[in-house]
Amino acid sequence: MILKTKTPMCKNCMSKLVKPSLSSLFSNNQLCPACINRFQVHFYERKIEGVSVLSLYLYEETFKEALYRFKGRGDIILADIFLNNYRVYLKLKYWGNCLVPIPSSRQSDIERGFNHVLEVFKPLGLEMINCLAKKVDFKQSDLGFDERQEVINKLLVIDGSKISGRKIVIVDDLFTTGATVKAAIKLLRPFQPKSIKVLTLAYTKIKGNYVDGLEVKTRGLKR
Ligand SMILES: [Zn+2]
């Protein structure tokens, strides 16, 4: 939904932006102070397969709702709210790197009219190398926990030579079980990129036996 109006509005909650906020001086992003507050980043960093994985947000209500409107309902106007005021910081942090997006379901991309991972990370102005693809079209959210661990068999590398000797950042929207990220690292490593990092918009917290509402079955799970 694109609303053309003379009064600037918050892209997230549609309330009128009375005065330009201080942060709007530093970015093109238009969020009201309340939404800027709600979209607090966590900068959660961990190591997976010896690779640094940075997740910006916790996958909680505000983020979840905005991602659903953007990714699930195709509200492209929200594309640039996620990197928010961290665009410059991230641009500098990953300067000289190229981005390798985790592929999403082609069917979903067609339905929403854009690839959400590409749209979110495009504002960083870094080269994108689409060298990961899905062998068969599937939605990650349709997979159970055990099936997610087998994701390495569902991805393939196209033109892997494009990342040889390059510093790469694997990018995705969510870090849930980490299975996709691990699979991507294992598949890309043989092409000898100079370095590998991972950046995801958000991460989910494990609650009891559940990760993002998905029951974790540890039986038979290779760790
Ligand atoms: Zn707002």
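The paragraphs below lead through this predicted model, from the chain as a whole to its sheet, its helices and a few individual residues.

The protein chain contains seven helices and ten strands, and of its 223 residues 28% are buried. Among the contacts in the chain with a separation of 6 or more, 72% are made by residues 24 or more positions apart.

Five strands make up an open sheet with mixed pairing, and their order is 1-2-7-6-3. Strand 1 (44-48) and strand 3 are found at the edges, where each has a single partner strand, so that one side of each is left without a neighbour in the sheet. On average, and ignoring direction, neighbouring strands of this sheet are turned by 25° against each other.

Helix 7 lies across strand 1, strand 2, strand 3, strand 6 and strand 7, and runs at about 160° to strand 6. Helix 7 (residues 179-188) is largely enclosed by the rest of the structure, because seven of its ten residues are buried. These buried residues of helix 7 are Ala179, Thr180, Val181, Ala183, Ala184, Ile185 and Leu188.

The largest nonpolar core has 44 residues, of which Val100, Val169, Ile170, Val171, Ala184 and Ala202 touch the most other members. Two or more residues are given to this core by each of strand 2 (51-58), helix 2 (61-72), strand 3 (98-101), helix 5 (116-121), strand 6 (167-175), helix 7 and strand 7.

Helix 2 shows how a helix can present one side to its surroundings and another to the interior. Its residues Phe63, Ala66, Leu67, Phe70 and Lys71 are buried, and since, seen down the axis of helix 2, the buried residues fall within an arc of 115°, they line one face of the helix. These buried residues of helix 2 pack against strand 2, helix 5, strand 6 and strand 7. On the other side of helix 2, by contrast, Glu61, Glu65 and Tyr68 are exposed. After helix 2 comes Gly74, which has a positive phi, near 75°.

As background, most residues other than glycine have a negative phi. Met14, found in the segment before helix 1 (33-38), has a phi near 65°, a positive value in a residue other than glycine. Phe43, whose place is in the loop between helix 1 and strand 1, is likewise not a glycine and has a positive phi of about 50°. Met14 counts as exposed because it has 11 C-beta neighbours inside 10 Å, where 12 or fewer is the cut-off. Phe43 also has 11 C-beta neighbours inside 10 Å and therefore counts as exposed.

A last stop is the loop between helix 7 and strand 7 (195-203), in which Lys194 lies. Is this residue buried or exposed? Lys194 is exposed, because it has 12 other C-beta atoms within 10 Å. Apart from its neighbours within four places in sequence, Lys194 is in contact with Gly165, Arg166 and Lys167. Lys194 and Ser164 are 30 residues apart along the chain, and their C-alpha atoms are separated by 7.0 Å.

Key:
Residues are numbered from 1 along each chain as its sequence is written. This is a predicted model: local features need pLDDT of at least 70, side-chain atom pairs count only at pLDDT 80 or more; totals for chains, interfaces and linings use all residues. Helices (H or I, at least four residues) and strands (E, at least two) are DSSP runs, numbered from the N terminus. A residue is buried if 20 or more other C-beta atoms lie within 10 Å of its own, exposed if 12 or fewer, and partly exposed in between; C-beta atoms are placed from the backbone. Two residues are in contact if their C-beta atoms, placed from the backbone, lie within 7 Å. A nonpolar core is a set of buried Ala, Val, Leu, Ile, Met, Phe, Trp, Tyr and Cys residues joined through C-beta atoms within 7 Å. Two strands pair if DSSP finds at least two bridges between them. Axes are lines fitted to C-alpha atoms, for helices over the stretch in contact, and angles run from 0 to 180 degrees between N-to-C directions. The arc is that of the directions from the helix axis to the C-beta atoms.
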